[in-house]
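Dear colleague,

I am passing this structure on to you, and below it you will find notes on what turned up when I went through it. Please read them with the structure open beside you.

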Amino acid sequence: MPLQREENLSLYSNIQANGKIGFSSPSNIALVKYWGKYGDQLPQNPSISFTLDHSRTEMILEYSPKGETDKHKTIDLTFTFEGKENKAFGDKITAFLTRLLPTHPYLGQLTFNLSSTNTFPHSAGIASSASSMSALALCICTLENRLFQNMNEVETLKKASYLARLGSGSACRSIYPLIASWGESAAIPDSTNLNGTPLANDLHPVFRNYKDAILLVSKKEKDVSSRAGHKLMENNPYATVRYEQAKNHLSQLVTALKNGDLDTFIQITELEAMTLHALMMCSSPYFLLLEPNTITLIRKIRSFRENTNIPVCFTLDAGPNIHLLYPEAHQEKVHDFITNELSGYCEQNKWIADQVGNGPLSLF
Ligand code: PMV
């Protein structure tokens with residue numbers, strides 16, 4: 001599948017300078033879930049997520065010219081994660097850049113030193129693929145712009161979202177502040193399966209500083225990769241209905257997010273979380289990622305909402321941890337609720353106070 005903007009990215013004739021680019025890019029939490037893909041990392045249904053603030057990857061890309069032209073057909077990269085060389089991650093990133101090489105030959109003309117750290121604790125059970133692939137894509141697009149001056153700011157973000165998607169589907173949404181969708185939807189003008197769409201202009205003020213308390217039920221690596229999970233949707237007997245349901249949920253949620261309609265927001269967000277896990281439980285082979293404490297927490301969150309009328313709700317990723325979502329105005333009472341009633345069900349009582357955030361930042 002051709003890249004969107006491949007014009008004139010032939011070998012760069014004059015790479016001389018060394019350089020350094022850095023980005024801090026956040027994770028995101030999906031409200032309508034992407035689960036099932038086709039072709040080259042294209043989604044079977046549209047999805048939408050809040051961009052987070054504190055759960056981030058910081059990535060620094062240093063580059064220098066390779067010189068010898070006979071070596072221009074391969075990627076030369078050293079990758080350091082949290083201060084130590086990490087060959088396994090480095091090989092994955094090299095494979096990703098090698099896929100881009102035919103359309104981005106300049107990548108073969110440079111030697112890269114890439115270093116990355118996460119702001120959230122290592123193996124906290126929080127997926128780092130969205131934050132890391134979006135940070136990497138922003139570094140690559142900034143490099144491309146330095147060399148070719150071929151994109152304005154909007155185009156740079158769009159291409160970064162496109163490349164992030166090729167690395168890890170949901171990463172394409174992390175490029176944009178506050179809220180972003182990905183995938184064709186009649187409810188979102190100019191939406192496409194190829195990259196994310198920014199939606200911050202259509203977000204009601206109540207959601208602009210929404211809180212996300214990540215309750216760490218288990219910090220274990222998950223048993224099933226999202227790649228395997230997406231693949232299992234190919235034979236899931238409920239796949240077609242699911243894709244239709246997600247499209248409807250997305251349309252309804254876009255309106256609720258615009259109007260500040262918390263009831264619809266809560267109803268769809270929780271149903272999406274349960275549907276994601278239900279889909280995993282009826283795949284063949286099935287898998288069960290919820291832990292007993294996840295279920296206890298879900299029950300407690302629902303009773304708290306019923307008893308207090310405080311509009312808290314939850315969502316889940318492909319794992320056992322709960323994302324407790326709520327408006328900033330209720331922060332004090334919800335923090336007390338977490339401390340008194342929820343954190344005891346988290347591994348080592350750990351939870352992360354995150355919130356909706358303004359998206360990636362350039363580090364230099
Ligand atoms: O981007 P992937 O391939 O890691 O898949 C992400 C899947 C979910 O996190 C479960 C849902 C989503 O839309 O982010």
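Helices (H or I, at least four residues) and strands (E, at least two) are DSSP runs, numbered from the N terminus. Please bear in mind that this is a predicted model, in which local features need pLDDT of at least 70 and side-chain atom pairs count only at pLDDT 80 or more, while totals for chains, interfaces and linings use all residues. Residues are numbered from 1 along each chain as its sequence is written, and side-chain values use heavy atoms, with hydrogens and water left out.

To begin with the backbone, E82 is found in the loop between strand 5 and strand 6 (84–85), and its phi is near 50°, a positive value in a residue other than glycine. A cis peptide bond, with omega about 0°, joins S284 and P285, and P285 has its place in the loop between helix 7 (262–281) and helix 8 (292–308). Both points deserve a look, because most residues other than glycine have a negative phi, and most peptide bonds are trans.

Turning to the overall division, the protein consists of domain 1 (9–202) and domain 2 (205–355), with bounds that come from an automatic or database domain assignment. Their C-alpha centres lie 26 Å apart, and 33 residues of domain 1 are in contact (heavy atoms within 4.5 Å) with 45 residues of domain 2. Between them the two domains bury about 3,200 Å², 67% of it on carbon and sulfur atoms, where buried area is the accessible area (1.4 Å probe) that two parts lose on being put together, summed over both. In domain 1, the residues that lose the most area to domain 2 are L31, K33 and W35, which together make up 25% of what that side buries.

Across this interface the rule finds zero salt bridges, meaning a side-chain nitrogen of Lys or Arg within 4 Å of a carboxyl oxygen of Asp or Glu. Strand 1 (19–32) and strand 4 (47–65) each supply at least two residues of the side of domain 1 that touches domain 2, and strand 4 gives the most to that side, with eight residues.

Finally, a search of the whole structure finds 11 aromatic pairs, that is, rings of Phe, Tyr and Trp (its six-membered ring) whose centres lie within 6.5 Å, with planes under 30 degrees apart counted as stacked, over 60 as edge-to-face and the rest as tilted. The rings of F79 and F89 have their centres 6.2 Å apart and their planes at 80°, so this pair is edge-to-face.

With best wishes
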